[in-house]
Amino acid sequence: MIFSLAHLYVLVGVVLAFVALMTAADRQHPQRFGSALFWGFYALVFLVGDLLPSAWIGVGVIAMAVLAGLRRVAPGTHGQSSAAEYAVRARRLGNRLFLPALAIPVIAVIGSLLARHLHIAGMPLLDPGNPTLAAVGMASVVALLLACWLTRETPAQGMREARRLVDAMSWAVVLPQMLAMLGLVFSDAGVGKGVAYLATHYIAMDVRLVAAAVYVVGMALFTIVMGNGFAAFPVMTGGVGVPVLVGVFHANPAAVAAIGMFSGYCGTLMTPMAANFNIVPAALLELPDKNAVIRAQWPTALTVLVFNIVLLYILIRP
Amino acid sequence: MRLFLESSMAPTVSLWPLIGVAVIVAGFILRFNPMIIVVGAAIVTACAAGFGVLATLSAIGAGFLKTRNLTLALILPLATIGLLERHGLRQHTQDWIRRFRNATAGQLLIAYLAVRELSAAVGLTSLGGHATMVRPLLAPMVEGAAEARHGRLPDRIRYRLRAMAAATDNIGLFFGEDIFVAFGAVVLITSFLHEAGIDVDPLRVAFWGIPTAGVAFAVHAWRLVRLDRTLAREMRDEVGAGTTAGAGTEDTAA
């Protein structure tokens with residue numbers, strides 16, 4: 001196939017390797033070596049991760065966390081344009097600027113819908129194992145070419161811009177993958193089983209409404225504790241969602257998972273642990289009350305949570 | 001020393017790995033770096049489950065490798081978005097959004113909520129954000145709209161409007177992105193269910209996100225309509241109190 005996940009991982013690895021090399025070559029970088037090491041290791045995970053023993057990767061992951069924790073990962077220097085230059089360029093391209101930006105989702109959605117029918121020389125164009133992600137990869141490549149053509153820039157400039165954006169997010173780029181890793185470790189270690197044990201032994205899970213409420217509220221509570229729905233999801237879905245709601249009450253797994261994830265997001269709206277969504281903006285907007293954003297959000301979050309319980313209950317009714 | 005309890009599902013269930021959850025809570029209360037907290041919780045949990053050093057490292061490494069797909073859709077579009085930003089995408093979007101200037105604060109936020117939720121639903125999660133959109137654009141526009149209608153705002157109301165602008169950005173993003181098939185959430189859901197032996201089509205997961213996403217929009221939009229009403233009432237009272245106070249000052253001055 002032409003766009004397989006393995007190819008796209010190499011592509012991500014190449015982008016990250018450029019970030020690492022440009023960081024290493026950036027003499028004015030405040031944390032040149034720590035940052036280069038961080039991005040260099042992350043690039044290796046994508047380029048040759050399948051060839052390395054997983055224990056080595058584990059050591060590298062811990063090293064990355066330590067580098068981030070010791071503030072050894074920082075943004076480098078980037079040539080920024082002035083506001084006037086931006087305005088002039090914006091006027092030159094106008095609404096055409098939206099084209100490549102919109103091309104990514106449009107091509108991704110069309111590609112994933114038509115994946116089964118797209119073949120070139122007898123080979124499937126998109127990875128049949130994960131056509132959606134493969135379509136996003138293909139869309140990104142097409143959109144980059146489109147953007148280069150439109151702006152008359154080179155892909156090398158694209159790499160420089162990618163580094164600027166990666167630097168702006170810094171180690172937070174890795175956080176979703178870190179939290180998902182924690183979810184898998186939790187599930188290997190039986191945290192879900194522990195939660196399921198406590199839930200089924202102390203709560204009457206054979207009552208449908210109670211089971212629905214435990215899953216929905218549990219997702220929200222775990223997200224409040226962990227600050228991220230991605231870390232809560234494997235625990236609650238492995239502990240209650242799959243064994244009880246799908247296994248006992250035969251609920252549609254896609255519906256259970258989607259409602260569960262949204263219940264987690266309700267938790268995200270109510271927790272100071274989700275700092276970048278709730279605490280950072282309060283600082284950014286110069287609000288004296290650091291919890292002002294949470295105060296503005298909780299009524300919406302709680303109402304949606306109640307709706308989720310009702311929806312899930314309706315879905316598992318006999 | 002091992003803590004085992006009888007269970008009907010499995011012969012024995014160890015509750016020790018739940019210590020990992022406590023590590024996360026303690027880490028955040030002590031304000032450690034999230035990367036350190038996550039890795040620390042992973043190590044503690046694996047050890048509590050009786051994994052050896054090598055097995056712990058392998059579990060962390062294998063878990064990290066298996067979830068690379070989450071980062072794919074985050075990194076690959078960056079070169080394109082960066083190039084477009086270099087050519088004024090953000091400035092052009094700001095000019096474009098200024099067309100909605102004549103609305104009330106609540107109407108402005110409802111329009112933003114709709115745009116944010118729909119654009120996140122087609123994967124354009126980067127078309128908003130607190131640093132790029134809320135602070136430079138949305139919050140000033142909302143405050144401006146309220147001032148044009150009600151006169152100078154007291155700080156208390158100004159802060160509430162700003163917080164609502166940030167909240168609206170979050171709500172639009174969260175309940176939009178889960179409908180986009182290629183975004184992290186749906187990918188995480190399908191890969192987790194696959195590991196659990198259940199294969200679902202990402203489009204089905206996205207489809208089942210739609211009812212909650214719709215209700216979230218309706219609830220928040222209704223609260224924004226009410227925001228307009230309370231704003232009008234409070235500013236009426238405020239103006240009443242303000243004139244009395246103003247008259248008082250003039251008396252003293254005279």
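Q: Two residues are in contact if their C-beta atoms, placed from the backbone, lie within 7 Å. Which residues does T223(A) touch, not counting residues up to four places away in sequence?
A: The structure is a predicted model, in which local features need pLDDT of at least 70 and side-chain atom pairs count only at pLDDT 80 or more, while totals for chains, interfaces and linings use all residues. Residues are numbered from 1 along each chain as its sequence is written, and chains are lettered from A and ligands numbered from 1 in the order in which they are written. With residues up to four places away in sequence left out, T223(A) touches N228(A), G229(A), A232(A), G264(A), G267(A), T268(A) and T271(A).

Q: In which helix is the place of T223(A)?
A: Helices (H or I, at least four residues) and strands (E, at least two) are DSSP runs, numbered from the N terminus. The run that holds T223(A) covers residues 208-226 of chain A and is helix 10.

Q: Why does T223(A) count as buried?
A: A residue is buried if 20 or more other C-beta atoms lie within 10 Å of its own, exposed if 12 or fewer, and partly exposed in between. T223(A) counts as buried because its C-beta neighbours inside 10 Å number 28.

Q: How many Å apart in space are T223(A) and I259(A), C-alpha to C-alpha?
A: Along the sequence, T223(A) and I259(A) are 36 residues apart. In space, the C-alpha to C-alpha separation of T223(A) and I259(A) is 14 Å.

Q: How many helices and strands does the secondary structure of chain A come to?
A: The C-alpha atoms of chain A fill a box of roughly 65 × 60 × 45 Å along the principal axes. Of the 318 residues of chain A, 54% count as buried. Among contacts in chain A between residues at least 6 apart in sequence, 71% join residues at least 24 apart. The secondary structure of chain A consists of 14 helices and two strands.

Q: How many Å separate the centres of domain 1 of chain A and domain 2 of chain A?
A: Domain bounds come from an automatic or database domain assignment. For chain A, this assignment gives domain 1 (1-173) and domain 2 (179-315). Taken over C-alpha atoms, the centres of domain 1 of chain A and domain 2 of chain A are separated by 30 Å.

Q: In what order do the elements of chain B run from the N terminus on?
A: Chain B has 254 residues, and buried residues make up 54% of them. For contacts in chain B with a separation of 6 or more, 69% are accounted for by residues 24 or more positions apart. The secondary structure of chain B comes to 11 helices and two strands. Starting at the N terminus, the order of the elements in chain B is β-β-α-α-α-α-α-α-α-α-α-α-α.

Q: Which helix of chain A gives the most to the side of chain A that touches chain B?
A: In total, 113 residues of chain A are in contact with 104 residues of chain B. On the chain A side, the element that gives the most is the one at residues 175-189, with 13 residues, namely helix 8.

Q: Which residues does Y215(A) touch, not counting residues up to four places away in sequence?
A: Y215(A) is one of the residues with the most contacts inside the largest nonpolar core. Leaving out residues up to four places away in sequence, Y215(A) touches M236(A), V240(A), G241(A), L245(A), G260(A) and L312(A).

Notes
A nonpolar core is a set of buried Ala, Val, Leu, Ile, Met, Phe, Trp, Tyr and Cys residues joined through C-beta atoms within 7 Å.
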